[in-house]
Amino acid sequence: MSTLKSLSANPTRRAYVQEGRSIVSRKSAPALILSRELFLQMLRVEHRRTERSGRNFMLLLISSVDFRHDLKEVFSQGIASTVANSTRETDIIGWYETGKTLAILATEIDHSKGMAIVTILQKVRSALQHGMTQERYERLDLSYEIFPKNAEEQSKSRGEISRFPFIPGKDGEKWSRMLKRSVDIAGSCAALLLLSPVLPVIAALVKISSKGPVLFCQKRIGQHGREFMFYKFRTMYVNNDPRIHEDYIAKLISGEIEDKSNGTLFKIVNDPRVTRFGSFLRRTSLDELPQFFNVLLDDMSLVGPRPPLPYEFGRYQAWHRRRVLELKPGLTGLWQVQGRSTTTFDEMVRMDLRYARSRSFWVDLHILCQTPGAMLSGRGAC
């Protein structure tokens with residue numbers, strides 16, 4: 001459906017669009033809609049580029065309210081060319097969900113000037129209205145997202161289930177996700193059964209060692225930016241001042257803390273808020289055991305990135321957010337068994353993204369086998 005003159009000047013984009021056929025002018029032939037696979041590949045490339053450049057782009061989604069209605073039929077009747085002619089030559093049209101959701105990727109959007117967005121929306125709506133009956137047009141749903149979002153927008157949208165910038169996984173990943181979830185359920189049930197004699201003992205010692213609840217419940221940011229309640233055994237005195245940690249995290253992410261001799265990544269050595277028994281739980285990572293319930297609730301996975309705090313997530317750069325947006329947080333992970341206090345914040349993020357690219361059943365199994373050794377060594381824990 002959309003063929004773009006500007007793509008011919010870009011070898012990378014040209015390779016995606018060709019797909020075994022020569023590029024045609026949108027004026028001389030029906031527009032070409034990229035297949036889902038090719039469009040998502042283009043979207044990933046643009047996603048990575050704008051993370052570094054900070055130049056915004058817009059993703060406009062056109063879907064059918066009536067899910068029995070196949071949009072392929074609609075856009076095969078010349079409407080695709082009408083829509084293509086209403087967009088810029090640098091924009092890309094393709095299937096976000098084949099037959100269900102058509103997408104327009106509008107690059108180089110000046111987000112500070114809302115008129116550019118309004119103009120694109122008006123042109124696309126006008127093209128659709130002129131290309132189909134009013135009844136059919138009213139069954140369409142148009143939505144859009146701008147990426148990257150600034151800190152204020154990210155804060156407002158947190159907790160909402162957004163379709164973007166969370167790029168869908170490849171079709172072949174469905175079975176991999178099902179296998180991972182099955183392992184999460186089986187592994188968590190087995191661990192809780194095995195640890196059933198230990199958990200009540202730890203709970204009793206937490207209660208005896210200091211006043212307050214046994215469990216520490218805290219909001220964390222999960223996959224797709226959704227908040228969830230995170231469980232740990234309490235290791236701190238109640239009514240402590242969280243600003244100590246907030247200030248430390250702010251300096252850590254900004255790169256002001258390179259020498260972690262006075263603290264480990266995300267944790268502060270000799271933290272006055274931590275109880276004596278809590279210090280032992282942290283060194284051995286036994287405070288993390290209640291997170292098996294988070295795994296059963298599908299908030300977390302056995303293996304994945306560490307879930308960030310809301311104020312930590314709010315300070316992330318666009319490429320930092322990908323470690324959480326693309327992956328479900330985990331009880332353990334590549335950083336937990338190989339990095340910890342030996343890494344900077346940016347290095348930790350890169351380790352999580354490396355895991356995202358190479359994750360598989362065997363990679364997860366290898367990390368899980370390394371976890372008990374990391375817990376017993378206490379390296380980087382406090």
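A salt bridge is taken here as a side-chain nitrogen of Lys or Arg within 4 Å of a carboxyl oxygen of Asp or Glu. The model is predicted, so local features need pLDDT of at least 70 and side-chain atom pairs count only at pLDDT 80 or more, whereas totals for chains, interfaces and linings use all residues. Residues are numbered from 1 along each chain as its sequence is written, and side-chain values use heavy atoms, with hydrogens and water left out.

**View 1. Salt bridge between Glu108 and Arg49.** The side chains of these two residues meet at 3.5 Å, N to O. Because Glu108 belongs to strand β3 (residues 101-109) and Arg49 to helix α2 (residues 36-53), the pair ties together parts 59 residues apart in sequence. Helices (H or I, at least four residues) and strands (E, at least two) are DSSP runs, numbered from the N terminus. Glu108 is partly exposed at 37% relative accessibility, and Arg49 is partly exposed at 27%. Buried denotes under 20% relative accessible area, exposed over 50%, and partly exposed in between (1.4 Å probe, protein chains only).

**View 2. Salt bridge between Asp364 and Lys180.** The N to O distance is 2.7 Å. Asp364, in helix α16 (residues 361-377), and Lys180, in helix α7 (residues 173-194), are 184 residues apart. Asp364 is buried at 10% relative accessibility, while Lys180 is partly exposed at 22%.

**View 3. Salt bridge between Glu312 and Arg306.** The closest N and O atoms of the pair are 3.1 Å apart. Both residues are buried.

**View 4. Helix α10 (residues 276-284) and its ends.** Phe277, Gly278, Leu281 and Arg282 are buried. Seen down the axis of α10, the buried residues fall within an arc of 140 degrees, taken from the directions from the helix axis to the C-beta atoms, and therefore line one face of the helix. At the start of α10, a side-chain oxygen of Thr275 comes to within 2.8 Å of the backbone nitrogen of Gly278. Ser285, just after the helix, has a positive phi of about 65 degrees.

**View 5. The largest nonpolar core.** A nonpolar core is a set of buried Ala, Val, Leu, Ile, Met, Phe, Trp, Tyr and Cys residues joined through side-chain atoms within 4.5 Å. Ile202, Phe233, Leu289, Phe292 and Phe345 touch the most other members of this 42-residue core. Helix α15 (residues 345-358) supplies its largest share, seven residues. Another core, of 22 residues, lies apart from it and includes Leu60, Ile93, Leu121 and Val124.

Methods. A polar contact is a pair of N or O atoms within 3.5 Å; within protein, one must be able to donate a hydrogen and the other to accept it, and residues adjacent in sequence count only if both atoms are side-chain atoms.
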